[in-house]
Structures are given as structure tokens and as C-alpha cells.
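Please look over the model below before reading my notes. They are brief and follow by topic.

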Amino acid sequence: MSDASPASLDRRLHPVRPDLAAESYRGRVEADAFAPGVAMQVAADSVAQRPVPDLARSIDTEALHGEIVTVYETRGDGWAWGQLETDGYVGYLPAEALGAVGEAPTHRVAILRSYRYPDAELRSPPLGLLSMGARVRVIGHATTRGLEFALLDDGSAMVARHLVPLNHREADWVGVAETFLGTPYLWGGRTSLGLDCSAIVQLAAAAAGLALPRDTDMQERAAGEPLDIAAGLPALMRGDLVFWKGHVGIMRDGETLLHANGHSMSVASEPLAPAVARIARNEWGAVTSVRRIAW
């Protein structure tokens, strides 16, 4: 017997609609049809994911090159509906941005962004620009004029030092977040060309091997351990997360906040106290929680 309706489940995390649901939900929800899903890989540099199949709608998030998407529906109008393996996010993506799943990636982009070339030659017109966290499969290396390239399984090449093995863990995830300073703010963005407050937290933490959910409300429930704020903000330390209803920032130290924000429209660093006052007055209201991540 079904124990939930599609409307009762978070559409961001459950591939369930009234007309279609993932096969794994059979018996748990009511839906007109169920689909087993087909694993596909993001072939584009990155691709926007939306709540509905409409380019005029704002994006929820972005899927990065090499990430896996389980597709439950491919529509005749070019949209695919599926779930991102990385963080479980469900939504609509252009089907043309997806391709068949090849052998597993071996490396990820470890800097803000790096070009992918048709061959091991920096003068060649690049094929694309991959952002931090994008995944590739390295099958060899070549050196041209003293510059080492990683050769990828699709025949392209990238600067080798811009990549790290998938199992590489950065020692200071806040330091990774700090490299995004000045990056434009983009609602739903998840690349170094533009990102939002929860994306910088997720991407930077992932570089240290910390898997965090995508959106602010999800992170506020799941990231680290809560600190007591009943008597006001406690003594804070580097890596603490400060939450508002709809916003999150990272503490660089006990008094300095780093966050992607709509006030400066960028990733910015500012003293915490005036930021808290401004946000309470003009933006998201009072701080709702502080959470400490072990790292």
C-alpha cells in the first residue's frame, strides 16, 4: 500500500511526480507509471537543472561535467527528468547535455576552472572550460614545451596540475572556499563562473571529502553539529557555518564571514557583526542556527 503522496515529498530529492516515479518508489507512492531509470553522464561543461521544463524558469542547481544523472524520462521536446547522483537533486535538464556513461572518472578539477583542449597544446582552440569539481578520466600524459598535460579518454587534454585524483582530500576546505572570492553571485549556480551561497559551501567541502547536501535548508539540517545560540552567537571558529532562513555563510575566523550573496552580488568577505545587522534589517532576518563541521 502506498504510504505517501507525491505532493508530500520534497520534489528536490525524490524522483516522484503524480504521473511518473522511480521504480524504487513502487508501493511507497501513488503514480500513474514507474520507470527504472537510465544512468547518463553530463557531457557538457555544466548544465542547468530546473524544477520544470522551461528555460524561462530560474534554475535550481547545475550539474558538472562527468557527473552521473539517473534519467527517468526523456521527453520529445528535448528535456530529460532525472536525479543527480552527487547530491540526489531531482529536476529537468536538456537531454542534449547528457551522454552515455563511460568508464569511471579518475580525476576532478581542483582549481576554479581549467580549459579542455583537443590535444596537448596550449595554443589549440579550447573545447570547453571545466569548473571546480568537474570529473574526467585520465588515460595518459604528454609534455609539450615543458607543460605537462593529462590525456583524457575522449581524446582531449587538460593541464595536468589542474587535476587531482578523485580520492584527493584538501586539508583546509575553507581555503578552497576562499579561492572563490570575487566570483559572481548566481541563483542556483554551482560553477566558478557564478554560484550561490549553498553551492560554495557544498563545492568547497567536497574538495575535503565532506559530502553536503545542495540547498541551505538541507545543509542546516545535516551539516555538522548545531551550536547553542539561545544566548546569542557563541565563540566562532574557522569553518563554522552561520545560517539564516534562506542563506548560509562560512566563518574564515572568529569574526569574518565569507559568503556568496545578493548584496554584493559576489563571493565576499566581511566582518560578521555588520553583516548580521544588515542581513537582519534588509535581507534574510535573524540568524537561525550555527553549525560546526568536524574537519
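1. Basis. This is a predicted model: local features need pLDDT of at least 70, side-chain atom pairs count only at pLDDT 80 or more, and totals for chains, interfaces and linings use all residues. Residues are numbered from 1 along each chain as its sequence is written, and side-chain values use heavy atoms, with hydrogens and water left out.

2. Helix α4. Helices (H or I, at least four residues) and strands (E, at least two) are DSSP runs, numbered from the N terminus. In α4 (residues 272-282), the buried residues are Leu272, Ala275, Arg278 and Ile279. Buried means under 20% relative accessible area, exposed over 50% (1.4 Å probe, protein chains only). The four span an arc of only 130 degrees around the axis, which puts them on the same side of α4; the arc is that of the directions from the helix axis to the C-beta atoms. Ala273 and Arg281, on the other side, are exposed.

3. Open sheet. The order of its 5 strands is β12-β11-β16-β15-β14, with antiparallel pairing. Two strands pair if DSSP finds at least two bridges between them. β12 (128-131) and β14 (138-144) are the edge strands, each pairing on one side only. β11 (residues 113-117) pairs with β12 over 4 bridges. Within β12, Leu129 is the bridge partner of Tyr115.

4. Arg214. Where is Arg214? Arg214 sits in the loop between α2 (197-207) and α3 (216-222). Arg214 counts as buried because its relative accessibility is 0%. Its contacts (heavy atoms within 4.5 Å) include Asp60, Asp87 and Tyr89.

How values were computed: Lists of a residue's contacts leave out its neighbours within four places in sequence.
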